[in-house]
Amino acid sequence: MIFNLFSPDGKERVSTSWDKTARLWSVASGQELKALTGHTHIVDRAYFSQDGSTIVTVAEDFTARVWSFVEGRERAVLRGHKDLLTYATISADGRRVATASVDNTARLWDAETGALLHTLSGHGEDVLHVGFTPDGSRLVSTSRDNTAMLWDVASGRQIAVLKGHTNQVRHAAFSPNGQVLATAAYDGTARLWSGRTGEPLATLRGHKGAVGHVAFSPNGRRVITSSADSTAMIWDAGSGAHVVSLLGHTDGVYHASFSPNNDYVLTTSEDRTVRLWDGRGSGLTLAVYKGHPGPNYHAAFSPDSKLL
């Protein structure tokens, strides 16, 4: 098993695997509900639409696939990238899918028909991540070329090139209102930008290693960064000021996220543990989860913040 994610209502989860499938499971019973078959290589990731009706899977066969959750039926195969896909995401209204690839492009697709709408060209190296604004009107792409780019979804037009990072930009996230964009880079910093124009707002300095992931709290007041320096850090989203460092992991932190109720933080690490923290600013470790035989790359809260 490579990846796990809760459905938006928390009743199901999707997993991906080396066996070329994604699988749907009941959270309550733990029973398998459906196997999503069709990919011809390892399935790396799977993502739900916001309403839970659609799933998109990303595999090492150079495709993404769109599935109906209710029927477990393949709706569309997204073909066109000329190399491995690195990421995919679904717009909040479920109408668009964006994909990123090491072929130096991002692409926008119709989620119902699989039709290619726009090829977003401009990056000079691998595109590593894509993300929609909450209203679906804009898209961010990040790249190994040290930049992020802001795009208009309707036209496919480039709005801005976000320059300033001095190493690859691994991840980006929009604030819940779409007005602020955060980027995470291997230069050891995260940066805040205008989510509408790409204008730089603040540089978040403090990590002593590569920053690989960034996320906003659901209320938009905090930003959390994950770093190879074994820490996660919480920042004020308005000013960019450092709030607290989460200390305790003994190896790189891959992923950090706030709970839906804003009260907790979950981190995953190369040190084979997952940690639960007070997310309100104390930096207190609440629990350490051990048992995985290898690194923990991803973890998620259920929608009610009660399950991990």
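1. Two strands count as paired if DSSP finds at least two bridges between them. Strands are DSSP runs of E, at least two residues long, numbered from the N terminus. On those terms, serine 15 stands opposite arginine 23 in β3.

2. Some ground rules. This is a predicted model: local features need pLDDT of at least 70, side-chain atom pairs count only at pLDDT 80 or more, and totals for chains, interfaces and linings use all residues. Residues are numbered from 1 along each chain as its sequence is written, and side-chain values use heavy atoms, leaving out hydrogens and water.

3. Strand β3 (residues 22-26) has pairings to β2 and to β4. Five antiparallel bridges link β3 with β2 (residues 12-16). Four antiparallel bridges link β3 with β4 (residues 32-36). In β4, arginine 23 has alanine 35 as its bridge partner.

4. Strand β21 (residues 211-216) is mostly covered, with five of its six residues buried. Five bridges join β21 to β22 (residues 222-227), and the two run antiparallel. Valine 214 has threonine 225 as its bridge partner in β22. The hairpin has five residues between the strands, and glycine 220 takes a positive phi near 80°.

5. The open sheet of four strands is ordered β25-β26-β27-β28, with antiparallel pairing. Its edge strands, β25 (253-258) and β28 (285-289), each pair on one side only. Neighbouring strands are turned by 15° against each other on average, direction ignored (axes are lines fitted to C-alpha atoms; angles between N-to-C directions run from 0 to 180 degrees). Five bridges join β25 to β26 (residues 264-269). Serine 257 has leucine 266 as its bridge partner in β26.

6. Now the cores. A nonpolar core is a set of buried Ala, Val, Leu, Ile, Met, Phe, Trp, Tyr and Cys residues joined through side-chain atoms within 4.5 Å. The largest has 39 residues; Ile55, Val56, Val97, Val130 and Leu139 have the most contacts inside it. Strand β9 (residues 85-90) gives the most to this core, with four residues. Apart from it lies another core, of 15 residues, including Val211 and Trp235.

7. Which residues does valine 130 touch? Among them are Tyr87, Ala98, Ala106 and Leu139, not counting residues up to four places away in sequence. Contact means heavy atoms within 4.5 Å.

Key
Buried < 20%, exposed > 50% of the residue type's maximum accessible area, 1.4 Å probe, protein only.
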